[in-house]
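Subject: Structure handover

Hello,

Here is the structure I said I would pass on. Please open it before you read the notes below.

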Amino acid sequence: MSDARRSSVQTMPTGLVIAPSILAADYARLGAEVAEAEAAGADWFQIDVMDGHYVPNISIGLPVVESLRAVTDSFLDVHLMIDNPEAFIQDFAAAGADLITVHQEASRHLQGDLQQIRELGCYAGVALNPSTPADTLSEVLNLVDLIVVMTVNPGFGGQKFIAEAVPKVERLRQMAIDRGLTPPPVQVDGGIDPTTAPVAAAAGATVFVAGSSVFRWPDGIAANLRALRDSIAPQI
C-alpha cells in the first residue's frame, strides 16, 4: 500500500472476514440491507461490476459505489469483472472504493493496473478464474494486497461451488512464502455457504464472499451471517 494512500480509504479488515456480495441484495432496499448486514457483523461488502463483455452479465457501476460510500463507512471491495479495467480504475477509486480487484484474464498489463490501484491509494486485488493456474501471478505477488480465487465462473450469483479450485488457495500462499513474501489474504468467491466455506477455510482462505447465502436465504440476514461465521470459525 502506497504511503500516499487516500486518507478516506478504510483499513482492510484482517483475520476471518465475511464479505457479503450486494449482487444478491434487494436493490429496492439496498441501503437498508447493507445497514442490516453491518449491524449483524459483516466485515466488508463486495460490489461486483460486470460489463456484459468480459462476463455474460451486466450489473452495476459507479453510481452504486458512490451511493454506498455516502451511507456507509464499511470497507468497500469493488470487483471489476470488465474488459479494459485500466480505463475505469481511477473513476472507481474516486467513487469510494477501498479495494479494487482486477481479473488476471482481463487485464492487458496486470502489473501496471495493480501499480495504478496502489498509486491511487486503494488496496490492490487480483482475481483468478477456476481454470486459471496460480502460477500466472508469480511475477506480481509483491504488488497484491488480496488474491481472489473464484470458486465459480464469474458472471452470475447462485452458482454451484467448484471444489476443484480450492487447492489453488494453498498453492498461492506457498508461492508467496517461497518468494520471501508474507502471503496476502486469499478470498474465495462463488457458491460460499456454511457447507462450502469450511472447505476453503481449511485450505487457508480467510476472506469469504457470500451473496445468496446472506441476502436470499430465508432465515434472514443476521441468522445467515451467523451460520456462515459459525461454520468457518472452527477452521481458523
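**Confidence**

This is a predicted model, not an experimental one. The mean pLDDT of the protein chain is 93, and 96% of its residues reach 70 or more. Residues 1-5 are an exception to keep in mind, with pLDDT below 50. That stretch has 11 contacts in the model beyond near neighbours in sequence. Where pLDDT is low, the predicted coordinates should not be read in detail.

Start with strand β5, residues 123-128, where 6 of the 6 residues are buried. In a regular strand the side chains alternate between the two faces of the sheet. On one side of β5 are Tyr123, Gly125 and Ala127, and on the other are Ala124, Val126 and Leu128; all of these are buried, and both faces are covered.

Which strands pair with β5? One is β4, residues 99-103, which runs parallel to β5 and is joined to it by 5 bridges. To get from β4 to β5 the chain passes through helix α4, residues 110-119, in a right-handed β-α-β crossover. Another is β6, residues 146-150, which pairs with β5 in the parallel sense over 4 bridges.

Glycine 125 is found in strand β5. Is glycine 125 buried or exposed? Its relative accessible area is 0%, so glycine 125 counts as buried, the cut-off being under 20%. Glycine 125 is the bridge partner of threonine 101, and it stands opposite leucine 146 in β6. Leaving out residues up to four places away in sequence, glycine 125 touches Leu99, Ile100, Thr101, Val102, Leu114 and Leu146. From glycine 125 to valine 148 the C-alpha to C-alpha distance is 7.1 Å, while the two are 23 residues apart in sequence.

Threonine 101 lies in strand β4. Threonine 101 is buried as well, with a relative accessible area of 0%. Beyond its neighbours within four places in sequence, its contacts include Asp77, Val78, His79 and Leu80, as well as Gly125, Val126 and Ala127. Leu146 and Val148 are also in contact with threonine 101.

**Two asparagines**

Asparagine 84 is in the loop between β3 (75-81) and α3 (89-95). Asparagine 84 has a positive phi of about 50°, although it is not a glycine. With a relative accessible area of 34%, asparagine 84 is partly exposed.

Asparagine 224 lies in helix α8, residues 221-232. Asparagine 224 is buried, with a relative accessible area of 4%. Not counting residues up to four places away in sequence, asparagine 224 touches Ser213, Val214, Trp217 and Asp219.

**The largest pocket**

How much space lies in the largest pocket? The volume is about 300 Å³. The pocket is lined by 26 residues, of which Gly157, Gly158, Asp189, Gly190 and Gly191 are the closest to its centre. The elements that give two or more residues to this lining are β2 (44-50), β8 (207-210) and α7 (212-215).

Regards

Note on methods: Residues numbered from 1 in each chain as written. Predicted model: local features only at pLDDT ≥ 70, side-chain atom pairs only at ≥ 80, totals over all residues. Heavy atoms only, no water. Buried < 20%, exposed > 50% of the residue type's maximum accessible area, 1.4 Å probe, protein only. Pairing = 2+ DSSP bridges. Right-handed = clockwise from strand over helix to strand, strands pointing away. Contact = heavy atoms within 4.5 Å. pLDDT = per-residue confidence, 0-100. 1 Å grid on protein atoms, 1.4 Å probe; cavity = no way out; pocket = protein on both sides within 12 Å on 5 of 7 lines; lining within 4 Å. Points joined across faces, edges and corners; volume = space filled by probe spheres on them.
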